[in-house]
Amino acid sequence: MSTPLSAQQALRCANTIRLLAADAVEKANSGHPGLPMGSADMAVALWGGVLKFNPADTAWANRDRFILSAGHGSMLIYSLLHMFGFDLSMEELKNFRQWGSKTPGHPEFGHTPGVEVTTGPLGQGVANGVGMALAAKMAAERFNTPDFSPITHRVFAIVGDGDLQEGIAYEAAALAGHLKLGNLVYLYDSNSITIEGKTNLAWSEDVAKRFEAAGWHIQKVDGHDHDQVTAALQNGIAETVKPSLIIATTHIAYGAPNKQDSSGAHGSPLGKDEIEATRANLSWSEKPFTVPSDVAEQCAKRVAELKSEYDAWQQGFAAWRVANPDKAALWDAMWQKQVPENLAEELLASVAGKDGATRSLSGAVLQKAAALLPALAGGSADLSPSNNSDIKGGGSVQADAFGGRNLHFGIREHAMGAVCNAMALYGCFIPYGATFLVFSDYCRPAVRLSALMQQQVVYIFTHDSYAVGEDGPTHQPIEHTASLRLIPGLQVIRPADADETALAWYAAIKYHNGPTALILTRQKLPLLPKPAGFDKSLPLMGGYVLADVANPAVVLMASGSEVSLAMDAAKLLADKGIAARVVSMPDVGTFTAQSAEYRASVLPKGVKRVAIEAGRGESFGKLLGEEGLFIGWEQFGASAPAEILAEQFGLTPAKVADKVAGFLK
């Protein structure tokens, strides 16, 4: 067992963090010194006596996960990582917030060794912790055996007042309480200060009662009392049925005689004079950017003790693999995200020859994908019958029953996205989350972070246009597909038939460096006719020639439900003596990234171009050029049957053909 730090040793470590944070923010002339200085004591109690980690193996499956949800206080985690032996040098601390450093303004996953998740947008880390704890419960159910349990770790976080004011935090907290995630322990840095001043300017709720009502275990401590925090952490660990919230009363910028308890320390340097005054107030004689030898020694001792626990786990894990070959094979399949070589063929076969709404076709493809990929798990924001997002026979994940594959997020789109991010970060799941496309607005910040962190999350967005019909403009997405395409790294695919839907799932499964949004219809679509010798892999290019003619006068490009519309319009144009090539464009971003030669083979230069999509047309601007024509609908929808709306909005074959003919005159 590890030997925790004494109160005096912990104070020395905490004061080291305080001055490292103050010095780094001062040198950068940018940052938030207040939170690291105020939460240093409880961070040291956690890292110095509770948290399990190995700085030499940051991918260790059974490490405790630590999230600094209040990511503006990033110098807290950078100081901890440096002090406890991670690959983060003092020079990196000195280069805080500078170009090319490993110490950006907010913690970024994949950028700094030891950072588990990108935080900064408040509340996201709260929800990420819930997702990681959920993933751990699901992994433990799959892999733990009586002889050895590979998954026994916990998830810890430091959250702040701003985190808990964000709506996503309570969405996630309610889910955690419902699922009884007893492997989750949060330290709440309750300093009652935000940028504008005291929190009571806009906040007067009883946080303890709110979380208690959500099913959490609540404790209150003095956040600067090492023994109180340590005891509370142990109590939180002992509580295995409820997630734990430790409300730690702290002072922002603790130790700074003129800035403590002031909003001035929230997002601004202390100033050189105040730092010197802080040194004197804390009896700190060390030079700037110094870790005293006694502090370094204590941290190294802690790491060495943890290394023995790590080695024991590795030995146990090796024996477990031999004794449990089936579970070992499952472990490898899930953690390595193994994919069958014939995956594309299998997915195509699952919907071969079928027509239907792409949401329904997606549901059929999902069943085959789930059968082939044990890592695939997910759910919907209370819309699975409409999203077709259940894995049939997969079982529901509920409290004390984590062996299932179907998650029920409730009506919590934002938390759903953040939980999926965390499950992807956890390492052995390919998560998906589903809702109506119009409600992608509710989870967009999390979708953006999926892309920023380059995490493989699949978003199933159904009911993708005004064809929702009678539900009216509140449920009819107009700008959403175009808006999602603006997120860098988000693969947005709007398939037009069964084959494209199968390959959309294939593309999502093969895309390991970012998220995918599947944009799917409510209404039925026909199986598109393919020419003889058609290469079924062409949709993976993002755009391809679906129907060609000799010497085309115009190219009609479309996505999703408008591809069959373009095909019908091309027939009417032929009757008018106008030869039209039809191009299906399921993924504008992927097509744009193809070689100039391929793009020219699909969209030949000198031929007029028309794009058709049931929404706004900005996505097609580069492909259309200044002389192209966009046919879509760029206002809000209306409540009426879909066929009436199509007529009113000018998106029928006859009206499209007339517009194209007029455009070519």
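**Figure 1. Lining of the largest cavity in the predicted model.** The residues that line the largest cavity are Asp-464, Ile-478, Thr-481, Ala-482, Arg-494, Glu-613, Ala-614, Gly-615 and Arg-616. The structure shown here and in the other views is a predicted model. The space inside the largest cavity amounts to about 50 Å³. In total, three cavities of 30 Å³ or more are counted.

Figure 2. The view shows an open sheet in which five strands follow the order 1-2-3-7-6, with parallel pairing. Strand 1 (65–68) and strand 6 (217–222) are the edge strands, and each of them pairs on one side only. From one strand to the next, the twist averages 20°.

**Figure 3. Strand 6, its partner strand and the helix across them.** Six bridges join strand 6 to strand 7 (residues 244–249), and the two strands pair in the parallel sense. Among the residues of this pairing is Asp-222, whose bridge partner in strand 7 is Thr-249. Helix 9 (residues 226–238) lies across both of these strands and also across strand 2 (155–160) and strand 3 (184–190). Relative to strand 6, helix 9 runs at about 170°.

**Figure 4. The largest nonpolar core, with Leu-134 and Trp-505.** This core comprises 114 residues, of which Leu-134 and Trp-505 touch the most other members. Helix 5 (residues 124–143) supplies the largest share of the core, with 12 residues. Apart from this core lies another one, of 54 residues, including Ala-24, Met-75, Phe-289 and Leu-306.

**Figure 5. Surroundings of Leu-134.** With neighbours within four places in sequence left aside, Leu-134 is in contact with Leu-179 and Leu-181, with Val-397, Phe-402 and Leu-407, and with Val-419 and Met-423.

**Figure 6. Asn-15 in helix 1.** Asn-15 is located in helix 1, which spans residues 7–28. The relative accessibility of Asn-15 is 6%; because the limit for a buried residue is under 20%, Asn-15 counts as buried. When neighbours within four places in sequence are left aside, the contacts of Asn-15 are with Leu-282 and Trp-284.

Terms used
Residues numbered from 1 in each chain as written. Predicted model: local features only at pLDDT ≥ 70, side-chain atom pairs only at ≥ 80, totals over all residues. Heavy atoms only, no water. Core = buried A, V, L, I, M, F, W, Y, C linked by side-chain atoms within 4.5 Å. Buried < 20%, exposed > 50% of the residue type's maximum accessible area, 1.4 Å probe, protein only. Helix = DSSP H or I, 4+ residues; strand = E, 2+ residues; numbered from the N terminus. Contact = heavy atoms within 4.5 Å. Pairing = 2+ DSSP bridges. Axes fitted to C-alpha atoms, helices over the stretch in contact; angles between N-to-C directions. 1 Å grid on protein atoms, 1.4 Å probe; cavity = no way out; pocket = protein on both sides within 12 Å on 5 of 7 lines; lining within 4 Å. Points joined across faces, edges and corners; volume = space filled by probe spheres on them.
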